[in-house]
Amino acid sequence: MSKFDHLRGVPGSRNRLAAQVWEGAKVGAPAAEIPELDEVGVPVELRATIEHHMSLYPDYRSAALPALRAAQHLHGWLSDEAILQVAAVMRVTPAYLESVASFYDMLELEPVGRHAIYVCTNLSCQLRGAHDVVEAFSGATGAPVNGSSADGQFYLRSFECLGACDTAPMASIEGHYRGPLTKEDATTVADHLRAGGAPDEVLPEKRFVGDYGRRIDE
Amino acid sequence: MSDRGILFTHIDEPGLQRLDVYERLGGYRGLRKALTAMSQDEVLKELEASGLRGRGGAGFSMGKKASFLPHGGIEKYLCCNADESEPGTFKDRELMHKHPHQLVEGVLIGAFAAGASHAFIYIRGEYEEEANILDAAVSEAYERGYAGENILGSGFSCSLVVHRGAGAYICGEETALLDSLEGKRGNPRLKPPFPANQGLYNGPTLINNVETLSNTPHIIVNGADWFRSFGTEKSPGTKIVSVSGNVKRPGNYEIELGIPARDIIYGLAGGPHPGRRVKAWFPGGSSSPVLTEEHLDLPFDFESMQQAGSMLGTASIIVVDENVPIVEVALRLAEFYRHESCGKCVPCREGTNWTVKMLERIDAGDATPMDLDVMASVQANIIGNCLCVLGDSMAMPVGSMIKRFRPEFEAHMERARIAAGALTEELHVPLPSEVA
C-alpha cells in the first residue's frame, strides 16, 4: 500500500499534483490565469450555452456546474481543452474549475467510454442483487467496473444510490433510468447501444409502483 | 393505503405534467389565492398554523423557518432541495416526475411567504429526466404569468431556475447545497450563521425539501385546519414513505403519520418474501439507526421513532431480511459514506475510512472482538463533532448495528478467522450466543 493510499477514500483526491494534470496541456496556459477568449477556440454553441446559464443567476459563477456539464457533453469528458474553454467564457481560472470538477461524481477528468452506464449498488439495490447486475454489465460491455471498455464504447460505474429503489436493481443508461434489471438485460442494453440504438429506447420503461401494477416478485 | 391523500391524489392522472391538466384539477388556485387575496404575513401564519414539518429529514416547522427570514427590501432567496440522495429515498423523484407543477406552485408560494425574489430548484444531476420535466413546467409557468415579473398582477416578482447538480450526496446538506449552487465544491459551512440569515450569496435564504413545498398549495387552498385533520397532533398532514429492500412491493406510499410500521412494511409493501422474517429495518433512510422486528408495532411518526432510538428522517424504510449478514449491510453503508464524505472535517473523513477498514478486517478474519469496541468508539467520536451530519449519518446506523447485533458481529468475526486460518477450531472459545 502506498503512503497516501488512504486518501483514495476522499472524494476529489486524485493522488497526483495539479502540475501533473496540466502536463499535457497543449496551450501552455498556466492553470492560475484566466485564458483569453481569442486565444482559446470556443465552439459557438458551447459559448452561447454557457453565457445563457451565466445570465440566469445573480452571480455568474453559479453557472460553473451547468457550464462544465455542457462542456463535458460536447467533448465527452473534461479535457484540459474543455476546461480552458469554460474558463475563457466564464472568466474564471482553469484551476478553479478543476477544483470544482474534481468534487463531483458525474464530471470526468479522464477520458471515458462513449455510453455511460451507472449501475446503482447501494443498499436497496444490493439487497435485490445489484452485484450480479453490475458484473453482468461488465461482462456484456467489456468494461471493468468503474472503467471504460477497450473499444471506447462503454463507461461502467458502480454508482451510489440513484434514488430509484422501487425499481431495484436498477441502472441509469445515459441518464435514462431502467429497472428492475436482470443479468440478461445487461446484454440487451449493451447490444442495443453497440448497434447505435437510442439509450431511451432500450427495455420497457418501468418506473414507480403505480406503473407496474404493484408487482409481486415471489 | 390511506383513502385520503394530499400529494398523491391525482398522481396517476394522464397528462398531469402539463399545465392545462394541472389547472383543470385545481392547480395554481393556491398561488392565485396567496398572491391576490392574502398578505405575506397571512400566508406565513397559515403555514405555521398548519404545523407542516420539513420533509427532508429534520422535521422542523416549515412556517417557522420561513418566518425567521428578515422582512423588508433585502434580497432574499428560496432554494428547493431536490438533491434527494439519501439511500432508500425516492419520493421526490416521483413527485417531480409526475407532478411537477405542484412543486412549481409550492416553490412560488414559499417564495412569496419568504419574500424571496429568486427561487432555485437544486436537483441532483442524476435526475436528468426529472430536471427536463421541471424545466418544461417552469417555462409553462412563465408563459402563463405564474412566475417572473409582477406575478398575476400582484406586484410580486420571482424568478425560478432549475439547477442541476453533478453527483454529490453532500449537496443535499443545506449549506453544502448553497456552496454548490454558488458554483463551488459542495463543502458544508459552519453554522451559525444559519441560511435564514446568511445563505445563498450571503443573503437570507429559505431552504425546503420538494415534499414540504409540494404541500403548501394544498394548505393555502384548503386551510390549516383541513391540513391538521390528517396525521397526528405533532405531525400533521400526510407523509410519503418510500419502502425498499427485501419487500414484495417496493414503492412510494402516502400515509398519515402515526400508523403502525407493520401496516406499512407488511400491509402496503407486502412484507419480506414468504418464509423470511424482518431482521432489521431503517425507518428514515440509511442514516437512521436500525430497528428490529420488535419495533414493528410502534406508531410510525417523529416521536415514536426517536423514543425507539432511531429517527423518522426522510421516512424511507429499507427492509433487511434474515438472510442478509448484518456485517455486509454495515460495510456497504460505511463505504457509501466514505465515498461521499467531502473531507472537510477530520472525524468524518478519517472515521468513515477507518470504519470501512475495520469492517473489511472483520470480514477477512483479521479482527479480534476488541475491534468491535474500537469501532463503536470511533462512531461515538464522530457524532456531533463535524460541521454537518454526514459523519453522524454513518456513525448512527453502524453504531446501532454493533449495539443491536453484537452477537452476530462476533460470530461473523470468528467464522471469518477460522476460514482465514487465524483461529483453529480447538482454540475457538464458544461465544455467549453459541453457548445458549
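Start with the interface: 47 residues from chain A and 56 residues from chain B take part in the contact (C-beta atoms, placed from the backbone, within 7 Å). This is a predicted model, in which local features need pLDDT of at least 70 and side-chain atom pairs pLDDT 80 or more, while totals for chains, interfaces and linings use all residues. Residues are numbered from 1 along each chain as its sequence is written, and chains are lettered from A and ligands numbered from 1 in the order in which they are written.

Next, select the side of chain A that touches chain B. At least two residues each come from α3 (64-75), α5 (94-101), α6 (123-126), β5 (176-178) and α9 (208-211) of chain A; helices (H or I, at least four residues) and strands (E, at least two) are DSSP runs numbered from the N terminus. α3(A) gives the largest share, four residues.

Stay in chain A and select α5(A). Buried here are P94(A), Y96(A), L97(A), E98(A), V100(A) and A101(A) (20 or more other C-beta atoms within 10 Å of the residue's own). With six of its eight residues buried, α5(A) is therefore largely enclosed by the rest of the structure.

Move to chain B and select residues 100-114 (α6) and 210-222 (α9). The axes of these helices of chain B come within 7 Å and cross at roughly 80°; axes are lines fitted to C-alpha atoms over the stretch in contact, with angles from 0 to 180 degrees between N-to-C directions. α6(B) and α9(B) are therefore roughly perpendicular (65 to 115 degrees). Among the contact residues are L103(B) and I109(B) of α6(B) and L213(B) and I220(B) of α9(B).

Technical notes:
Parallel < 35°, antiparallel > 145°, perpendicular 65-115°, else oblique. Contact = placed C-beta atoms within 7 Å. Buried ≥ 20, exposed ≤ 12 C-beta atoms within 10 Å, placed from the backbone.
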